[in-house]
Amino acid sequence: AALVAGVSMCMMSAQDEQFLMARSIEQLGLGTSALARLQPLDCAALVHPLLRDSPIPNAAQAFATKYSGFSPTQQAMELVDAFERLHPHDSHTGLPR
């Protein structure tokens with residue numbers, strides 16, 4: 001939601017999946033990831049690129065512009081439709097045809 005709104009992120013992940021997403025977002029230049037840094041963590045160095053005139057906030061704004069029409073609800077409906085085409089079922093009983 002933050003990226004779709006054009007807000008860059010400082011991510012501090014607690015789970016493996018969160019770390020992988022944070023690393024991907026950092027690699028795309030859309031935010032920073034605390035766990036991708038050496039310890040001890042320099043919080044100022046982690047946050048400053050998000051606040052100053054730097055490529056990260058600009059990239060987050062460009063991401064928001066590119067995906068301005070994105071709707072998670074619409075995406076979910078399209079996925080359901082695609083899954084149903086793969087496995088048709090009777091709309092009354094819910095059973096496979």
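Visitor: Where is Ser13 found?

Guide: Ser13 sits in the loop between β1 and α1 (16-27). Helices (H or I, at least four residues) and strands (E, at least two) are DSSP runs, numbered from the N terminus. This is a predicted model, where local features need pLDDT of at least 70, side-chain atom pairs count only at pLDDT 80 or more, and totals for chains, interfaces and linings use all residues. Residues are numbered from 1 along each chain as its sequence is written, and side-chain values use heavy atoms, with hydrogens and water left out.

Visitor: Why does Ser13 count as buried?

Guide: Its relative accessibility is 13%. Buried means under 20% relative accessible area, exposed over 50%, and partly exposed in between (1.4 Å probe, protein chains only). So Ser13 counts as buried.

Visitor: What is Ser13 in contact with?

Guide: Contact means heavy atoms within 4.5 Å. Leaving aside neighbours within four places in sequence, Ser13 contacts Gln18, Phe19 and Leu35.

Visitor: How do you know that Thr32 counts as buried?

Guide: Thr32 has 2% relative accessibility, so it counts as buried. Its place is in strand β2 (residues 31-33). Not counting residues up to four places away in sequence, Thr32 touches Met9, Cys10, Met11, Glu26, Arg37, Leu46, Leu50 and Ile56.

Visitor: Which residues make the largest nonpolar core?

Guide: Six residues make it: Leu3, Met11, Ala22, Ile25, Leu30 and Ala60. The term covers buried Ala, Val, Leu, Ile, Met, Phe, Trp, Tyr and Cys residues joined through side-chain atoms within 4.5 Å. Take Ala22. Leaving aside neighbours within four places in sequence, Ala22 is in contact with Met11 and Ser33. In soluble globular proteins, nonpolar side chains tend to be buried together.

Visitor: Does Cys10 count as buried, partly exposed or exposed, and what makes it so?

Guide: Cys10 has 32% relative accessibility, so it counts as partly exposed. Cys43, at 46%, also counts as partly exposed.

Visitor: What makes the nonpolar surface patch?

Guide: Val4, Tyr67 and Phe70 make a patch of about 240 Å². Like charges are joined within 9 Å, nonpolar side chains (Val, Leu, Ile, Met, Phe, Trp, Tyr) within 5 Å. Val4 lies in the segment before β1 (9-11). At 32% relative accessibility, Val4 counts as partly exposed.

Visitor: Why is Leu51 called exposed?

Guide: Its relative accessibility is 67%, so Leu51 counts as exposed. Leu51 belongs to helix α2 (residues 43-51). Its C-alpha atom is separated by 20 Å from that of Ser24, 27 residues apart along the chain.

Visitor: How do you know that Thr93 counts as exposed?

Guide: Thr93 has 52% relative accessibility, so it counts as exposed. Its place is in the segment after α4 (72-86). The C-alpha atoms of Thr93 and Gln27 are separated by 47 Å.

Note on methods. Patches are made of residues with over 30% relative accessible area and no salt bridge: like charges are joined within 9 Å, nonpolar side chains (Val, Leu, Ile, Met, Phe, Trp, Tyr) within 5 Å. Accessible areas come from the Shrake-Rupley method with a 1.4 Å probe; for residues, only the protein chains shown count as cover. A salt bridge is a side-chain nitrogen of Lys or Arg within 4 Å of a carboxyl oxygen of Asp or Glu.
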